[in-house]
Amino acid sequence: MPTIEVLQRNAALGLRFWDMAASTSAVDGLRVEVYPRRNPNARKRALPGPSGIYVAHGVSGLRDFEFEESAPSDPADAPWRHALDASPMIAAGYRVEVTDPKGRFLPVAFDAELPARGLFNWLAPWISPPQPIALPGASIASPQMLIERIPLFSAPSRPVPEPLAVVYAQVRDIGSGHPAGWSLLAVNIDGMQAGLGMADAQGRVAVMFPYPEPPRAPLFSPPEARSDFRWLLDLTAFCTPASPTVAAPDFPDLAEILGQLAAPCTVIDSMSSPAVPRRLEYRVPMTAKTEGQPEADASWLLISTA
């Protein structure tokens, strides 16, 4: 009887992403690069498999781990245990950079200790001890889904997937006068967060999210067909104070982005009061601005980190 030879190859990193707008992990076409933090030139691509999980092989410094074969009596995670227990320890600090050549998502980067067993769990490093976080809004995703998924935020130029709503804005820090690059903007309807978006380096943001349930209408017989639904909404921004002399980085760090969730700031609805309530109309894109500004600045949504 012929002997079947089995080649074992261990993956140092497996990533699954989460489209914050469409609430799906089916995300193709990303460019994912992994490299040691001490050697940014030693980059390796992580490629997607049929399940949508991006897997990195041939990562610099992990060749011995990747080709380590387990004995039949070893536990399934033996290579990963050996990497952690080795002296000196094989596990080391790496950097992951994610871009979208198709222009649907904003770039993001984060640190990772590799090799990582199973799907990579991104932990909030500003919490001690580091632990998973749940992004605000239970309607966006459950905490468990976000533990094993890296969130991706829509670029402001992304075509709006059907049948989502969208709120556009260009956010500026009133204190520094600079665009609030890489800040977060939440859309709230009836006191519940409906969507969360991230601004690009120029402060431009598109918050895409499913439409809420239609407002309850008076009963008619027969029922009246309607498509003119409207919802009152308010906005919450999350931003760290911008330096008057330092521009937003070209490549945002995921820890710094999500760390802003601990720093809500004030959205200025109007330079004079009272402000007109913001209303979202069904299938009508909305642009949020601060009222009462000079004409040259009328397109900005002002926020205050004071």
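Student: In the protein chain, where is confidence lowest and where is it highest?

Tutor: This is a predicted model, and pLDDT is the predictor's confidence in each residue, from 0 to 100. Confidence is lowest in helix α3 (residues 143-147), with a mean of 55, and highest in β3, with 97. Helices (H or I, at least four residues) and strands (E, at least two) are DSSP runs, numbered from the N terminus. Over the protein chain the average pLDDT is 83, and 76% of the residues score at least 70.

Student: Over which residues does pLDDT stay under 50?

Tutor: That stretch is residues 137-142. A contact means heavy atoms within 4.5 Å, and the model has 12 contacts beyond four places in sequence for residues 137-142.

Student: Which conventions apply to the numbers?

Tutor: Residues are numbered from 1 along each chain as its sequence is written, and side-chain values use heavy atoms, with hydrogens and water left out. As this is a predicted model, local features need pLDDT of at least 70 and side-chain atom pairs count only at pLDDT 80 or more, while totals for chains, interfaces and linings use all residues.

Student: How many helices and strands does the protein chain have?

Tutor: The protein chain has four helices and 17 strands. Among its contacts between residues at least 6 apart in sequence, 67% join residues at least 24 apart.

Student: In what order do the strands of the open sheet come?

Tutor: Two strands pair if DSSP finds at least two bridges between them. Here six strands form an open sheet in the order β1-β5-β4-β3-β6-β7, with antiparallel pairing. The edges are β1 (13-15) and β7 (108-114); each has a single partner strand, so one side of each is left without a neighbour in the sheet. On average, neighbouring strands of this sheet are turned by 30° against each other, direction ignored. For such angles, axes are lines fitted to C-alpha atoms, for helices over the stretch in contact, and angles run from 0 to 180 degrees between N-to-C directions.

Student: How many bridges join β3 to β6?

Tutor: Strand β3 (residues 31-36) and strand β6 (residues 92-99) run antiparallel and are joined by six bridges. Pro-36 has Tyr-94 as its bridge partner in β6, and Val-32 has Val-98. On to the next pairing: β6 and β7 also run antiparallel, with seven bridges. Tyr-94 has Ala-112 as its bridge partner in β7.

Student: How is a pair of aromatic rings described?

Tutor: By the distance of the centres and the angle of the planes. Rings of Phe, Tyr and Trp (its six-membered ring) pair if their centres lie within 6.5 Å; planes under 30 degrees apart count as stacked, over 60 as edge-to-face and the rest as tilted. By this rule the count is six aromatic pairs. Phe-17 and Tyr-54 form an edge-to-face pair, at 5.4 Å centre to centre and 85° between the planes. Phe-17 lies in strand β2 (residues 17-19) and Tyr-54 in strand β5 (residues 54-56), so the pair ties together parts that are 37 residues apart in sequence.

Student: Does Phe-17 count as buried or exposed?

Tutor: Buried means under 20% relative accessible area, exposed over 50%, and partly exposed in between (1.4 Å probe, protein chains only). Phe-17 counts as buried because its relative accessibility is 1%; Tyr-54, at 0%, is buried too. A tilted pair is formed by Phe-229 and Trp-231, with 6.4 Å centre to centre and 45° between the planes. Phe-229 is buried at 14% relative accessibility, and Trp-231 is buried at 6%. Tyr-211, Phe-229, Trp-231 and Tyr-282 form one aromatic cluster. Buried residues make up 43% of the 306 residues in the protein chain.

Student: What is to be noted about backbone torsions?

Tutor: Most residues other than glycine have a negative phi, and most peptide bonds are trans. The peptide bond from Leu-114 to Pro-115 is cis, with omega near 5°; Pro-115 is in the loop between β7 and α3. Glu-162 and Pro-163 are also joined by a cis peptide bond, with omega about -5°, and Pro-163 is in the loop between β8 (150-152) and β9 (164-173).

Student: What is phi of Ser-23?

Tutor: It is near 55°, a positive value in a residue other than glycine. Ser-23 lies in the loop between β2 and β3 and is partly exposed at 29% relative accessibility. Arg-283, not a glycine either, has a positive phi of about 60°. Arg-283 is in the loop between β15 (278-281) and β16 (286-288), and is partly exposed with a relative accessible area of 47%.
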